[in-house]
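Colleague: I am new to this structure and would like to know what stands behind the terms used for it. Please show it to me, and then I will ask.

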Amino acid sequence: MDNIVIFGAPGSGKGTYSAALVEKFGYNHISTGDVLRAEIREGTELGKIAERYIEKGQLIPDDLIIDMLADVYDTMREGPGVIFDGFPRTIVQAKALKDMLQARGEKISVTLNLIVSEDILMERLLNRAKIEGRSDDNEETIKKRFNVYYTQTHPLIEWFKKEGVLSEFTFKGDKDLMIKEIIEKVESI
Ligand code: AMP
């Protein structure tokens, strides 16, 4: 089965391009952000902890995310593949993902790194704030999330490169072109 990591800064379009891949290939989709927001809505213990971090734009502790991810992944083993969206976000999570997959005879098939300029990212997130009303889509928290991304998550690009799974896509103003390029890549794996 295909195990696809979709990677990029907040607002880079991970959700949008995941949806295109789900439609094209019938993959299952794990968005750790969506899972956490559902836990918050349901008022679970994990949700209560997650809320405190999300509102500050910080990452949830690795061990909580890793346990949750393995549980969700195991419900999706029958399908053609899984897209990991918003995970991994730290080196510890990346290594845990590798181990989790290895224990199941699987591996990361490809990491799709979405490269988008910071001006466009900020504009998209502020726009999304108006539409979706996410508690962490305000200018102050967005800046914190960028900072977290550049300090904790961006260094993972080197790790993916060393693992030989990195594939990069630069947004040049045309979403449909990005979708086409991404689909071509996934077809070639
Ligand atoms: P997202 O919807 O992917 O932008 O995630 C929203 C928020 O959920 C992030 O700012 C983090 O607080 C939290 N979160 C989502 N995924 C992770 C992860 N893999 N590790 C830690 N925190 C996460």
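Colleague: What makes β1 and strand β3 (residues 81–85) a pair?

Modeller: Two strands count as paired if DSSP finds at least two bridges between them. β1 and β3 pair in the parallel sense over 5 bridges, so by that definition they are a pair. Asn-3 stands opposite Val-82 in β3. This is a predicted model, where local features need pLDDT of at least 70, side-chain atom pairs count only at pLDDT 80 or more, and totals for chains, interfaces and linings use all residues. Residues are numbered from 1 along each chain as its sequence is written, and side-chain values use heavy atoms, with hydrogens and water left out.

Colleague: Which strands does β4 pair with?

Modeller: β4 pairs with β1 in the parallel sense over 5 bridges, and with β5 in the parallel sense, also over 5 bridges. Toward β5, Thr-111 stands opposite Leu-166. The strands themselves are DSSP runs (E, at least two residues), as helices are (H or I, at least four), numbered from the N terminus.

Colleague: Why is Thr-141 called buried?

Modeller: Buried means under 20% relative accessible area, exposed over 50%, and partly exposed in between, with a 1.4 Å probe and protein chains only. Thr-141 has 6% relative accessibility, so it counts as buried. This residue lies in helix α7 (residues 139–153). Leaving aside neighbours within four places in sequence, Thr-141 is in contact (heavy atoms within 4.5 Å) with Ile-54, Glu-55, Lys-56, Gly-57 and Asp-136.

Colleague: How many residues of β1 and of β4 are buried?

Modeller: In β1, 6 of the 7 residues are buried; in β4, 5 of the 6 are. Both strands are mostly covered.

Colleague: How do you know what span to expect of helix α9 (residues 175–187)?

Modeller: The expected span is 1.5 Å times one less than the number of residues. α9 has 13 residues and reaches 18 Å from its first C-alpha to its last, close to the 18 Å expected. Its buried residues are Met-178, Ile-179, Ile-182, Ile-183 and Val-186. They cover an arc of only 130° around the axis, which puts them on the same side of α9; the arc is that of the directions from the helix axis to the C-beta atoms.

Colleague: What covers those buried residues of α9?

Modeller: The cover includes β1 (2–8), α1 (14–25), β4 (110–115) and β5 (166–170).

Colleague: What makes the approach of Asp-174 to Asp-176 a polar contact?

Modeller: A polar contact is a pair of N or O atoms within 3.5 Å; within protein, one must be able to donate a hydrogen and the other to accept it, and residues adjacent in sequence count only if both atoms are side-chain atoms. At the start of α9, a side-chain oxygen of Asp-174 reaches to within 3.1 Å of the backbone nitrogen of Asp-176.

Colleague: Which polar side-chain atoms lie by the ligand, and at what distance?

Modeller: One belongs to Thr-32, 2.8 Å from a nitrogen atom of the ligand. Another, of Arg-37, lies 3.0 Å from an oxygen atom of the ligand, and one of Arg-134 lies 3.3 Å from an oxygen atom.
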